[in-house]
Amino acid sequence: MPRALLACLCALIVANAHAQDRYPSKPLRIVVPFAPGGSTDIFARLVAERFAASLGQPAVVENRAGASGNIGAEAVAKSPADGYTILMATTGVMAINNALFKSMSFDAAKDFEPVIFIASITNVLAVPVDLPAKNVTELITLATREAGKLTFASSGAGSSTHLSAELFKSLAGIDVVHVPFKGSGQALIDVVAGRVSMIFDTMPWPLPHIKAGKLRALGVTGSKRSGALPDVPTIAEAGLAGYESLSWSGFAVPANTPKDVVQRLNRETAAILATPDMKQKLAEQGADAVGGPPEAFAAHVRREREKWGRLVRERNIVVN
């Protein structure tokens, strides 16, 4: 090999190594594929505001809502695989949408590299205070008697609020009509007013209404009770055996992002999640900090994709 060419190759390798050593050398962008104000957005901002101290660069949160998270996710999937564009990866985007939508511009299983599991949050089954059902068993009895007459609200087709209800319907063997909204805020207005019979929403949204006595909480969707509502049983505990549905979020980057960049993002985020302050902030939202290595988050995503994909197929749920 000519000396000049060898010298150029060596210089390129050294320059690349130095560039990786300097990561990050510019601000990061965290894409939240939903509107501001929801739990996913809150979690992203809690981490982002701490990145400046840990990574030495600020992180800007960008909300790109639409199509059940697909618009924001597509933007990240098509971004350079350099670690500077991060997806706030959620249950819907990573585990549901590929089964739910007939046509997709990206494949979550192939186009993203899971970085870290940030938080898991229970949904809560809430009903208007005037609905004649004081617990899960009474709600199932009412829905059985009034087949096809009760309704459930969701923050959008394909969201965890939608699929949580579909899982409930499947296990309970009831017929309840889906009423999708463009976000939890709009959905809750109609549930509080009694125009919709129930909602399975992520904890931060209905919690103020529950505490104010405007909604009645019948159960939480996780495998354990929530510290935010310690007197409310899990849905499985309340009588629907085998029921569990959690909303979760984490970081993912475009596929083929350098492993050392993925590890750096994982390491710094894990350190943030381990702090008492961060755990408290997440707990205030009814969420648990998770953390762990990229491989653990990837395994979780695969399990969830199998679970929700099976439900979508069995219930023949299609969005487009």
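Does proline 80 count as buried or exposed, and at what relative accessibility? Proline 80 counts as exposed, because its relative accessibility is 52%; the cut-offs here are under 20% relative accessible area for buried, over 50% for exposed and partly exposed in between, with a 1.4 Å probe and protein chains only.

Before going further, a word on what you're looking at. This is a predicted model, where local features need pLDDT of at least 70 and side-chain atom pairs count only at pLDDT 80 or more, while totals for chains, interfaces and linings use all residues. Residues are numbered from 1 along each chain as its sequence is written, and side-chain values use heavy atoms, with hydrogens and water left out.

Back to proline 80: you'll find it in the loop between helix 3 (70–77) and strand 3 (85–90). Helices (H or I, at least four residues) and strands (E, at least two) are DSSP runs, numbered from the N terminus. Proline 254 sits 174 residues away from proline 80 along the chain, yet their C-alpha atoms are separated by 7.2 Å.

Now hop over to helix 2, where aspartate 41 has its place. Aspartate 41 is buried, because its relative accessible area is 5%. Neighbours within four places in sequence aside, aspartate 41 is in contact (heavy atoms within 4.5 Å) with Val32, Ala35, Pro36, Val61 and Asn63.

Helix 2 (residues 39–55) also has a partner in helix 11 (residues 276–284): their axes come within 11 Å and cross at roughly 160°. That makes the pair roughly antiparallel, a label for angles over 145 degrees, with under 35 as roughly parallel, 65 to 115 as roughly perpendicular and the rest as oblique. Axes are lines fitted to C-alpha atoms, for helices over the stretch in contact, and angles run from 0 to 180 degrees between N-to-C directions. From helix 2, Phe43, Leu46, Val47 and Arg50 meet Asp277, Met278, Lys281 and Leu282 of helix 11. Sorted by type, the residues of this contact are five nonpolar, no polar and three charged.

Finally, in helix 10 (residues 259–273), the buried residues include Val261, Arg264, Glu268 and Leu273.

Notes
Nonpolar A, V, L, I, M, F, W, Y, C, P; charged D, E, K, R; others polar. Expected span 1.5 Å × (residues − 1).
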